[in-house]
Amino acid sequence: MRKLAINRLLERPVDEERARRFVARYGSPIIEGHRATFIWVGPADEVLLRHRVQGLPDPLTLRRVPHTDLWYVSVDMPPESRVEYQFEIVREGVRESYLNDPLNPRVAHGPFGASSVCAATGYEVPEWTLPDPESRPGELIEDGFQSKAMRRNKRFKVYVPARFVPLVQYPLLIVHDGDDYLDYASMKTVLDNLIHRGEIADLIAVFVPPGNRLVEYANHAPHARFIARELVPYLSERYPLLDVPRGRTLMGSSFGGIASFSTAVRYPDMFGSLLLQSASLVFTDIAFDHGGGAVFDPVVKFVNAYRARPRRVTDRIYQSCGMYEPLISPNRSMATVFREAGMEVLYREARDGHNWENWRDRLREALTWLYPGDQRFVYE
Amino acid sequence: MTTVLLGPQRFRLTAGAVLAEVAPDGVVATVTAGWRDREKHDAELDEVMGGRSHNLHLWHRLGHVLVNDHAFAAAAVAYNRAVDEANSLYSLRLTHALESVYATMRHTAREDLRDSALRAGLQSVRDIDAWYIWLVGELEQDLRTSGGMDSSEVVAQHRSEIREILDGAAALAIAGGHVGFLSRCLRLFDVTPPESMPVVGWSAGAMVLTEHIVLYHDKGLEGVQPAELWDRGLGRARGVVAMPHARRRMVLDDLDRNRVLAHRFAPARIVLLDDGSRLYLEGDGHLPDQARVIAADGTVTTLGEEMAMTNGAEGEHDRAAGRRRGPRR
């Protein structure tokens, strides 16, 4: 196997000119087979790589190429991996954090800003997540009402498919962290494309942003009441919705997954499916030392209670998690618990982390499983 | 009675030539309801028909009915929902029954015992198919009697207009597309061409001409899924399960699966319709020898070759017994 580019560079003395040519040629990160080499160029006393990949030391310390400002670290990067990362620099006692890789044009956006992206061999941004001029766009309609359950005005966006016909009954997809799914997971584009291609059924989706997310999504009775007793009836009066459990799906990622699952537990048999992405299904088997901090207390209490008495609360669950995130173990465990409680589970893992592009990339598989389109009917 | 089943027309256009052959003169009534909202985008089709097509516009007529007969529209919505629910129950039962058949095939046991178990398993699958077809038939009957499908004045008006067009047509051509909407539109508007009228259908249009419409898509996002009955067809082509786009949509090298498919729908034949396929079913409705079929042993062959092989294997015995070969099944 050929030596890594960085090792080939180090075979001979490196001066600033060689380092410059190296960086100009390879950029960062350098993907070679199963390895990724991250590069930083600049004066520093210490350079660290922050990545939040479970299984790799975090931070990773970069090594300096002697007599240059070139820093590097090589790590294992299995094919099809996708990792978000940033640098942390210490210089003359001053620490600079959250720096994106200036040598890498690839960035992912999220509610906390952008991060650099390391895409391993075989990973490509799925084409169905990109705008397709052939796809007829659905409409996003701003709406809202005064929620008694939440004691405030709740705003949301309703997605209506392009070929909307009032005489057809549509399934309803309720999306937690709605604005983030639209902004960072390209969800409107994804819906437009998948519906246009007949890969998923025409559906109505409601994108609901949270207020105080960490409270509302952590098994919060008023939130569940808002969804089940206010939002669904409100939409049912205004849109031709399929008025059966299998016509309703709750969806969310991270704490939004808990909001979806806990709402289904509180209102069993109302929702036919759940779409859970990297759900924060943290639990303890003994004592209560879960390590997630106070915001996780109600979540752990809820998940522990469910594990003590698992029951069927919906028909089908699409559950996914990134292999590189700390939530992988609880998700693996809960997939079995869900199955044994009598629910049909499609569980998927991706070589990715706890981020919006991971959740975006799983949407096609999730939605085609939950709401298959009419491809099997079409014989042109 | 001339019925012609054609393969997909996208890459090999044969419909125009076939229609010129079976109905050289006169109007060709066309159905493009499978194209749904693109139904009227049929200029190219009209060109292929030599400018003599008259589109029945069933999809747009359906829209008109739903807007103008609210009682029927409500009944149709309820019917659709009931069919969806029946279909999900059918899928559930079918999946488990087929899994049992495949598990039996893989099981190691004395051959005669395993064959017996297989036959019983296949019979269960056939029973589930029959139950589903019965069930959707009952639901349709409800729609006809209680839902106003046969008494709606709006529907009656459209049926009358369509009959008039058909009376003046030399042939009927049914294009592919969404087979569900296509079959529903044909039934709602009672499109029943007289036996003397040549009928040509391609892709979904060929499927609706058979007795039973079977859906399949082994290469979809969900992976290999069981072939499922959807509904009855017009029954013009008897003893045929039409499977257009076979190469694109089916995993044809899985012999076990093919065998199950062949036995499940027997005595009907699984007929594969790929680009360029052209099958003339004359008077007696028998398939021509060049029809590509899935044989009982799961192989893909032509009907002629299969008959030759069967005759070869049994011919000696038949000759010794002084028997003639029976009719094609």
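Modeller: Start with L5(B). Leaving out residues up to four places away in sequence, L5(B) touches G201(B), A206(B), L209(B), A237(B), A242(B), L273(B), L279(B) and L281(B). Bear in mind that this is a predicted model.

L5(B) belongs to the largest nonpolar core, which has 92 residues. L5(B), A173(B), C185(B), V208(B), M243(B) and V271(B) are the members that touch the most others. Helix α4(B) is the top contributor to this core, giving 8 residues. The core takes at least three residues from domain 1 (3-66 + 152-321) of chain B, and at least three from domain 2 (70-145).

Now the two domains of chain B. Domain 1 is written in two stretches, 3-66 and 152-321, while domain 2 covers 70-145. Their centres, taken over C-alpha atoms, are 22 Å apart. Domain 1 of chain B puts 14 residues into the contact, and domain 2 of chain B puts in 18. On the domain 1 side, α3 (58-68), β8 and α10 of chain B supply at least two residues each. That side holds 6 nonpolar, 3 polar and 5 charged residues.

Next, helix α5(B), residues 111-145. This helix has 35 residues. From first C-alpha to last it reaches 51 Å, close to the 51 Å expected at 1.5 Å a residue. Its buried residues are G121(B), L122(B), V125(B), I128(B), D129(B), Y132(B), V136(B) and L143(B). They pack against α4 (70-106), β8 (228-232) and α10 (255-265) of chain B.

Helix α4(B) also leads towards the other chain. Chain B gives 23 residues to the contact between the chains, and chain A gives 14. On the chain B side, α4, β5 (177-178), α7 (179-188) and α8 (204-207) each give two or more residues. Here α4(B) gives the most, with 3 residues. By class, the chain B side divides into 11 nonpolar, 8 polar and 4 charged residues.

Strands cross between the chains as well. β19 of chain A (residues 378-379) pairs with β5(B) in the antiparallel sense, over 2 bridges. Y379(A) stands opposite G177(B) in that pairing.

That brings us to chain A. The domain assignment gives domain 1 (5-119) and domain 2 (127-377). Their centres, over C-alpha atoms, are separated by 35 Å. In the contact, 14 residues of domain 1 of chain A meet 12 residues of domain 2 of chain A. β7 (82-91) and β9 (107-110) of chain A give two or more residues to the domain 1 side. That side has 5 nonpolar, 5 polar and 4 charged residues.

The partner of β5(A) is β6 of chain A (residues 70-76), joined to it by 2 bridges in antiparallel fashion. R63(A) stands opposite Y72(A) in β6(A).

Terms used. Residues numbered from 1 in each chain as written. Chains lettered and ligands numbered in written order. Predicted model: local features only at pLDDT ≥ 70, side-chain atom pairs only at ≥ 80, totals over all residues. Helix = DSSP H or I, 4+ residues; strand = E, 2+ residues; numbered from the N terminus. Expected span 1.5 Å × (residues − 1). Buried ≥ 20, exposed ≤ 12 C-beta atoms within 10 Å, placed from the backbone. Contact = placed C-beta atoms within 7 Å. Domains from an automatic or database assignment. Nonpolar A, V, L, I, M, F, W, Y, C, P; charged D, E, K, R; others polar. Core = buried A, V, L, I, M, F, W, Y, C linked by C-beta atoms within 7 Å. Pairing = 2+ DSSP bridges.
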